[in-house]
Amino acid sequence: MAGTGSSRRTFIAGAGAAAAAGAALTGAGATPAAAAEAGPTSSGRRVAVLGGGVAGLTAAHELAERGYAVTVYERRALGGKARSMDVPDSARGGRRPLPAEHGFRFIPGIYHNLPDTMRRIPFPGNAAGVWENLVAPREMMFARAAGREDLRGPIPWPGHSPAELTPEEIRRALAGILQTLVRLPPHESAYFVDRVLVFLTSCDERREEVWERTPWWDFVRAERMSNEYRRILAVGITRNIVATKAEEASTRTVGTLGEAFVFNVLGRGADGPPDRILNLPTNEAWIDPWEAHLRSLGVEFRIGWTVREVRYAGGRVSGVAVEGPDGAARTVTADHYVSALPVEHARRTWSAALRAADPMLGRCDKLETDWMTGIQFYLTERAELVHGHLNCIDSPWSLTAIQQAEHWPSRDFPADYGDGTAVDCLSVDISEWDKPGILYGKTAKQCTREEVAREVWAQLKASLNDTGKALLTDTTLHSWFLDPGVDGIGTPHPTNQDELLIHPVGTLYNRPSASTRIPNFFLSGDYVAVDIDLATMEGANASARAAVNALLDRDGSNAARCTVHPMYRAPELEAAKRHDRWRYRLGLRNLFDLG
């Protein structure tokens, strides 16, 4: 994402990172092939964690709490796609630089593993650590273009909580929500609710063997429905939320996510409200305190170290070839290795010998990634949009956005950031990079950075200024910042350092487990198979916990195993799932599947 020097660090964290990098260079510079090793702790066992995103930091956290000596190797900055960063040269008058990010943080109530970690990261004044920095936007909006009425509604929390979670109660609650918020023709709302009930009552075998192979577009019969139905319930759910195409997305993946949100909205099995964000820029609220806490546990960090190859010899990982900040090649050795890089980067580091030792690694080559990248617009006046997330459902580039300043109550935006004239940050995610826009008729990848900014701004105005009131005006646009991980756009060879795992049909069968056949090598990342079947921070966190548990098992450790919280399963629906298993084995449709 960001280039060197663009990530926000607190003074303490920044000084610590510089000291760690200096120590690494001093120790390794004398002997270029020497092992970069962490100091011994009570266990005497050393672990090299490759990657410092959510997966890597979670693995380091769990291992350090269990007495392992952990060193994290990260090529850019801690936090990965989850971090915030500074807008270069934007600070004036002693203020902080304007805060930017890869994309706005979204930590819904369906998450359990990540919030558990956040509760264990100290934050001044918070009894429950950085978890208390989560706040809940109170509403959401579907913004529609061409003069059509925007659809906005309150987020139901604690909201609709039926006495019994029966299919009829679920039908009644969901139908009411759809009629209030989406306002589709009644027969289309009713049909979609029936499709939801089909998935909710489907047994695991039907989900894994049928719905995993069925595109969401086909499952919800989008082709037969109105454009509004397709835009909101087919394209809106898949492209804007999980950055994959409805025509290709696995119904199992989309349905699993939807199921969790249904239960969350109905007040069941949730850690909190369906929509939560941080009350400060991500590094201030979460990543910097996390780094400081990990350092207090003895974790060491090597920032600017790029993993080149995981080497295999004698039935084990024998070392990892890395490139230091000075460009010199080195070899890292440890007792165990946790690969916590994103899959598109991780698989390039797996040597032929390593792949031969575990064919599961080769299947990861079939996993697909796509672009979902953030751009921020800084405003000199607050825009009266919505007190929460908005989804521009008619935008060609599938834009979602949120105004951030109102959710950062402990910060006075103009007093604390930039030059004192920007009062808000409209943070936008671009989910579609391969369709023509409305301004230049080009895809986002074909546009220059400046053209992308102008095009996104135009699409936002088309969605928000189309009903007679100019909510966004050019005169209030202070500046913009596009994620620096995107490069080469407007040329024949655009690149993105931070692509997102997507979920076409059949993806499930190519996702690896956290444990490999190599006894000292483990996988952590949102592509690893865990209960939440989606590329999320929750998946990254859960996979890291699974990797640590596998490592503890291999090590014969007596340490307590990490708790890996499963997705919520409503006990009231288990009987329906058992009945569906019987029907499935007889070759019959689900009871609610009327075609």
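## Surface patches

Asp 218, Glu 223, Glu 247, Glu 248 and Glu 368 come together on the surface as a patch of negative charge. Patches here are built from residues with over 30% relative accessible area and no salt bridge, joining like charges within 9 Å and nonpolar side chains (Val, Leu, Ile, Met, Phe, Trp, Tyr) within 5 Å. For the charges, Lys and Arg count as positive and Asp and Glu as negative, with His and the chain ends not counted; each charge is placed at NZ of Lys, CZ of Arg, CG of Asp or CD of Glu. Keep in mind that this is a predicted model, where local features need pLDDT of at least 70, side-chain atom pairs count only at pLDDT 80 or more, and totals for chains, interfaces and linings use all residues. Residues are numbered from 1 along each chain as its sequence is written, and side-chain values use heavy atoms, with hydrogens and water left out.

Glu 368 sits in the loop between helix H13 (360-363) and strand E14 (369-370). Helices (H or I, at least four residues) and strands (E, at least two) are DSSP runs, numbered from the N terminus. With a relative accessible area of 38%, Glu 368 is partly exposed; buried means under 20%, exposed over 50%, and partly exposed in between (1.4 Å probe, protein chains only).

There's a nonpolar patch too: Ile 438, Leu 439 and Tyr 440 make one of about 270 Å². Areas come from the Shrake-Rupley method with a 1.4 Å probe, and for residues only the protein chains shown count as cover. Ile 438 is in the loop between strand E18 (424-430) and helix H15 (449-464), and is partly exposed at 48%.

## Aromatic pairs

The whole structure holds 13 aromatic pairs. Rings of Phe, Tyr and Trp (its six-membered ring) pair if their centres lie within 6.5 Å; planes under 30 degrees apart count as stacked, over 60 as edge-to-face and the rest as tilted. Phe 263 and Tyr 568 have ring centres 5.5 Å apart and planes at 85°, so they are edge-to-face. This pair ties together distant parts of the chain, 305 residues apart: Phe 263 is in helix H9 (residues 251-265), and Tyr 568 is in the loop between helix H16 (537-555) and helix H17 (574-585). Phe 263 is buried at 2%, while Tyr 568 is partly exposed at 28%.

Trp 286 and Trp 290 are stacked, because their ring centres are 5.6 Å apart and their planes are at 15°. They are four residues apart in helix H10 (residues 282-296), or about one helical turn. Trp 286 is buried at 0%, and Trp 290 is buried at 0%. Elsewhere, ring pairs link Phe 192, Trp 211, Trp 216, Phe 219 and Tyr 229 into a cluster.

## Salt bridges

Side chains of opposite charge can pair when their charged atoms come close. A salt bridge here is a side-chain nitrogen of Lys or Arg within 4 Å of a carboxyl oxygen of Asp or Glu, and the search turns up 40 of them. Asp 533 bridges to Arg 252, with the closest N and O atoms 2.8 Å apart. That links Asp 533, in the loop between strand E23 (521-523) and H16, to Arg 252 in helix H9, 281 residues apart. Asp 533 also meets Arg 511 in a salt bridge (2.9 Å, N to O), and both Asp 533 and Arg 511 are buried.

A network of salt bridges links Glu 62, Glu 65, Arg 66, Asp 116, Arg 120 and Arg 545.
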